[in-house]
Amino acid sequence: MKIIHLDLKTVQDNYVEFRYFLDNPNHYESRRLCLTEIADLIKLAEQDYYVALPESYPVTGKRLFDWLDGTERLFSRKIAELGRESIILAIATAERLAHLPWEVLHDGQSFLVVKPQPIVPVRWMSSDSIKKLSVDEATPENRALNLLFMAASPLDVEPVLDFEKEEGLILKATKDARQDLALIVEESGCLTELGYLIDSHDKGYFDVLHLTGHGTINDSGEPRFYTETETGKNYLASGQDIASSLRFRLPKLLFMSGCRTGQRGKSGLIPSLAEELLSFGAKAVLGWGKKVRDEDATAAAAALYKSLAAGYELTEALGKTYQALIAHEARDWHLLRLYVAGNMPINLVTTVRTRGRKGAPKPTVTEQFLDAAGQQVKVPTREAFVGRRRQIQNCLKELKFPSVQVGVLIYGMGGLGKSSLASRLCDRLTEFDKIVWSGKVDEASLLSKLGDKLQKLQRSALQRDDEELKYRLRDLFWALEEMAESSDKTGSGGNGKPFMLVLDDFENNLESRPNSGDYVLLPEMARILEALVWAIQETNAPHRLILTCRYDFDSRLLRDFYKQSLDGFKGADLQKKCSQLEAFAPGSKVDEKLKSPAQNLADGNPRLLERLNLVLLAEQLDVTAILAQIEKTTAEFREDILNQELLKQLSPKLTNLLELALVYQLPVPGEAIAAVCTSIADIDKNINRAIALGLLEVSPDSSLRVPRILSLNLPEDSEGLHRQAAEVLYRLWLEEAEYSTEEKGLEIHRLAMLGKVENISVEIAEFLTHRWSNQSRFRESVKTCDETLAVFPNYRIFHSLARSQSELGETDAAKKYYQQALDECPPADERVKAAILHNRAIIYANQGEIAKAIAFYEQSLELHEKIGDVRGKAATLHNLAGIYANQGEVAKAIAFYQQSLELTENIGDVQGKAANLHELAGIYANQGDVEQAIAFYQQSLELKEKIGNVQGKAATFAMLGQLLAAQGDFEKALNYLQQSLEILQHLRSPDAETVKEIIAAVQQMAGD
């Protein structure tokens, strides 16, 4: 592809020379510009492109094209000069040029990137020493494309990434195009671990690093990328952090697939994350110019790597990616941006038919995981696997050399995906040569499969029968190590790699002890496993073992294994699994009355979900028949996973423990289970036994839960049981915990309601409904209040219900419940009574009954002062000020707001202080003191950002936007209004439509 360069050179003062040239920077055409021209273009981009409701992209692109062309038509002439050739448009990043949306360049007929000979924009870091964009003339690697993929999805960061889908589509796209791709995944999401993986390969081994995750630009305008710490917590990484982790071994191309990774901050003044990476040594970086939809980012990655793997030049592959996205009507196609510095990479690898080209390693071993009959693959393909991120991370740490463990034991109830997890681990551990056994293993089968990987002399030595197995294995491992060292290979298996020995369905190698019921190794398996463990430890060889088993069995050998239990899918993992199943996927045509009970019965068990999916999709069955079939399928599945041998192990004590623990719907600490099982002796021993048998699921945080697939029932009279459960969780999750989640609060409330514990039920309901009201989740609040009042007609809940009904516009109902709350409020609870009077006054104020409103506010104020409730007093003064402001008594309003402001400052009430500043700003704006108004709005905004009051931020953004528009500062006005709109749309607030109308009006004013 030919290159047209666009560069800026300072002439004098505020003027620059805008140069157009091809290969020779000394042979250029130019025009002189004032920098205000570029500033005006950026201002237009900020108001018309970098917004939630942008103008038509062809309009933006044509305006940019005409500006680039100028009156002398320089750009058009350069294009014509190159004839019918594809073109790289190299745009210098100087003077904020990189902030303009070059991808949407449009000549009035089509976008330039979709032309038969496309013109592909590239943002190029020029300097006095780098006067043109150079290309890397190095010979492309004669092998498959080596792609390093890492997804970062920290704990407690929403939304949870569907990174498995992105990986799967990349693999599918290259496979469908019959292209070779070596996709290596760093599972941790952690930059430190990424650095270790890079270090374990030769320099230049990886052609591309693909980092997928959330990107952001902070309040200072600096770009950051969400990564994980070694414990999964969030770490906001800078470009320097990312570059440092790669230890001077940056691949030729980095794709930072996250929102705003290619966008400059502060209206183009602060370089993007992509540019920051270039400054630390990267050659080429792809990023996204705004917030990007997940589906568009995933589609872009699939299209790009399909072309790169086929040997296309980088810019050709980018052009094909744009065209593929446009063909599929991807909304955000134009946000994909390429930044380059130094020598731009061209072809990363040769084409697939190049003589001597080295292919990619086999991408998966899923076909080795067969069912009992040895006929069908029983695990999902690499593309279809979802979930188990934390479990995968845990196991990988223990399987990678030099771990002190010789392997991992993956255990849990049938259908949870133990074999699938083992298969996934094998796919991730590319440095191992994998051998898989399913079911019962004897010495002959072990030696046969190992022998298939060995040379003749090694195989013969291993299969001799004149020495114990453990000594033959030791000698083999020593010999392999010596071979690896002499041939300068990094591993020690038959092909230079250590062995990963997978013993799947390992329960077939166990037997139950008649007296204790514990599972132990069969004699032959005990000898085999002992030999393998001893030989690995004796030689310090890097071979590893993976065992998948329904039970955690009794053996001293397991001291050298990391144990990983599995539980049912929950949360984001369950959503991902359901999205793969037609009957459970979003938009499914299956009746919710059928889908919901089926999903509840499956209880997060992926295999049962798959079976019930087929039942729900069965044709010519009515609702009754389908429900019956769901029950039948669930019962059959239960029989499959709970074999008769296991059922014999269910002693009365163990059965009783499981029935009592059924009281909890969420996973809970072991202490909570022990608290409701006080009648059971040796409770810890029995809990451990239930875990070992897979009858108690263990979550990644070690919480426990009885799977609902077991055919067990709660004791008939369970009110006392629910009371005990509510009280212990209240202590563990609220009183003793640093913080609690909404999900945990709902579980405590459910238990307290069933256990008739009024104080806990009311406290939790009041807490939850207050939170939901602040989040505009009023209908959820009403539902919980109604449920609580049906059992406990408590005045505090009547108060909460009235607040929510008022927000929903049910004024009469709100008045009624406020009156009930007031009537039943005990005289001693003056704090709640004051709050009721305060909120009741709001209704009368909104209805225009000002005298009544003031009377109620004054009663509330009197109580607040009496009991010393400074926060309540400040809130009431704030609302009284609002009434006086609306009545035109501005001086009185300001006085009351100032009193309220002083009180909120004294007690550190940031939210109250922000609200007072916001209202004071409005008063000063109405009086024409715009400078003071803006100052107060800015202070209010800073406080709201500090406490995360997003709804309050939206209101302040909207007011600032309107105020600045009235002042003629349309760029800033639209910026604030767009931020307000984005928040309100995220909250699904009806106010979003109002802000849209304001934006349209301001855009029209700006155009006029």
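Which residues does Tyr-664 touch, not counting residues up to four places away in sequence?

## Tyr-664 and the cores

Tyr-664 touches Ala-672, Ile-673, Val-676, Arg-708, Ala-725, Val-728, Leu-729, Glu-747, Arg-750 and Leu-751, leaving aside residues up to four places away in sequence. Touching here is contact, that is, heavy atoms within 4.5 Å. This is a predicted model, where local features need pLDDT of at least 70, side-chain atom pairs count only at pLDDT 80 or more, and totals for chains, interfaces and linings use all residues. Residues are numbered from 1 along each chain as its sequence is written, and side-chain values use heavy atoms, with hydrogens and water left out.

Tyr-664 also turns up in the largest nonpolar core, which has 127 residues; it's listed with Phe-506, Leu-529, Phe-553 and Leu-696 as having the most contacts inside that core. A second, separate core has 85 residues, including Leu-6, Val-16, Leu-105 and Leu-338. A nonpolar core is a set of buried Ala, Val, Leu, Ile, Met, Phe, Trp, Tyr and Cys residues joined through side-chain atoms within 4.5 Å; buried means under 20% relative accessible area (1.4 Å probe, protein chains only).

Strands here are DSSP E runs of at least two residues, numbered from the N terminus, and two of them pair if DSSP finds at least two bridges between them. Strand β2 (residues 15-21) is mostly covered, with six of its seven residues buried.

On one side, β2 pairs antiparallel with β1 (residues 2-12) over seven bridges, and Asp-7 sits opposite Arg-19 of β2. Their hairpin has two residues between the strands, and Asp-13 takes a positive phi near 50° there.

Seven bridges also join β2 to β3 (residues 28-34), again antiparallel. Phe-21 has Tyr-28 in β3 as its bridge partner, and the hairpin from β2 to β3 runs through six residues.

Note on methods
Buried < 20%, exposed > 50% of the residue type's maximum accessible area, 1.4 Å probe, protein only. Helix = DSSP H or I, 4+ residues; strand = E, 2+ residues; numbered from the N terminus.
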